[in-house]
Amino acid sequence: MALIADPDEDLVRRVGQGDPAAIQAMVARKLPRMLALAQRMLGDAAEAEDVAQEVMLRAWKQAPRWTPGQARFDTWLHRVGLNLCYDRLRRRREVTTATPPDQADTGPAPDRGLLAADVGARVDAALTRLPDRQREAIVLCHYQELTNIEAAALMAVSVEALESLLSRGRRALRLALADIRPGAEGA
């Protein structure tokens, strides 16, 4: 089996040795991406923060035992993040409530980009209505900016299967958002 080059290898080694600067560097480098991944998968900022923090905690705990060359650390982080998101999505399906919880308005101020906020909210809503695997493919490739090969490996599917998921997901998003003008702000 060929060894996989990992740009985070030195950082993970230093984190495993307890280097405070390395821990700060890892959090600064990886937390925003994990937060974005969880936000896109869950559609809930508070849950996304919890998931991202748990991913960082697990990375810190795993670093001393990390074996370089078997997989990229970033790929492992994404898998952990996705698994935590799926755990929460499964729990959501199991719990039903009579009334939705109150949520703070996280959109921009009323005088700034109402149309962009509406478009963004519509895209997020359409994304959450996609089947889990299609949403996962879209989030990994478009929002997390992984290559098709990286995303396919992370999802444990062939590149062709990933491309099929992407195609079906994009088609569903186009249909759901067909009434948005292509030139609209934020589109």
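A crossing is called left-handed if the near helix is turned anticlockwise from the far one by less than a right angle, and right-handed if clockwise. The model is predicted, so local features need pLDDT of at least 70 and side-chain atom pairs count only at pLDDT 80 or more, while totals for chains, interfaces and linings use all residues. Residues are numbered from 1 along each chain as its sequence is written, and side-chain values use heavy atoms, with hydrogens and water left out.

Q: What handedness does the crossing of α2 and α3 have?
A: α2 passes α3 in a right-handed crossing, the clockwise case of the definition.

Q: What makes α2 oblique to α3?
A: The two helices pack at an angle of about 140 degrees, with their axes 8 Å apart. Axes are lines fitted to C-alpha atoms, for helices over the stretch in contact, and angles run from 0 to 180 degrees between N-to-C directions. Angles under 35 degrees count as roughly parallel, over 145 as roughly antiparallel, 65 to 115 as roughly perpendicular and the rest as oblique. α2 is therefore oblique to α3.

Q: Which residues of α2 and α3 meet, and how do they divide by class?
A: Contact means heavy atoms within 4.5 Å. Among the residues that meet are Ile23, Met26 and Leu35 in α2 and Val51, Val55 and Trp60 in α3. The residues of this contact divide into 16 nonpolar, two polar and three charged. Here Ala, Val, Leu, Ile, Met, Phe, Trp, Tyr, Cys and Pro count as nonpolar, Asp, Glu, Lys and Arg as charged, and the others, Gly among them, as polar.

Q: Why is α1 called oblique to α2?
A: Helix α1 (residues 9-16) and helix α2 (residues 20-42) pack at an angle of about 130 degrees, with their axes 8 Å apart. That angle makes α1 oblique to α2. α1 passes α2 in a left-handed crossing.

Q: Which residues of α1 meet α2?
A: Leu11, Val12, Arg14 and Val15 of α1 meet α2 residues including Ala22, Met26 and Arg29.

Q: Why are α7 and α8 described as roughly perpendicular?
A: Their packing angle is about 100 degrees, with the axes 9 Å apart. α7 and α8 are therefore roughly perpendicular to each other. The contact includes Asn148 and Met155 in α7, and Leu162 and Glu163 in α8.

Q: What makes a set of residues a nonpolar core, and which members of the largest one touch the most others?
A: Such a core is a set of buried Ala, Val, Leu, Ile, Met, Phe, Trp, Tyr and Cys residues joined through side-chain atoms within 4.5 Å. Of the 46 residues in the largest nonpolar core, Val55, Leu140 and Leu162 touch the most other members. The largest share of this core, eight residues, comes from α4. Not counting residues up to four places away in sequence, Leu162 touches Ala137, Cys141, Asn148, Ala151, Ala152, Met155 and Val157.

Q: Is Arg168 buried, partly exposed or exposed, and how do you know?
A: Buried means under 20% relative accessible area, exposed over 50%, and partly exposed in between (1.4 Å probe, protein chains only). At 37% relative accessibility, Arg168 therefore counts as partly exposed. Arg168 lies in helix α8.

Q: How many helices and strands does the protein have?
A: The protein has eight helices and zero strands. Helices (H or I, at least four residues) and strands (E, at least two) are DSSP runs, numbered from the N terminus.
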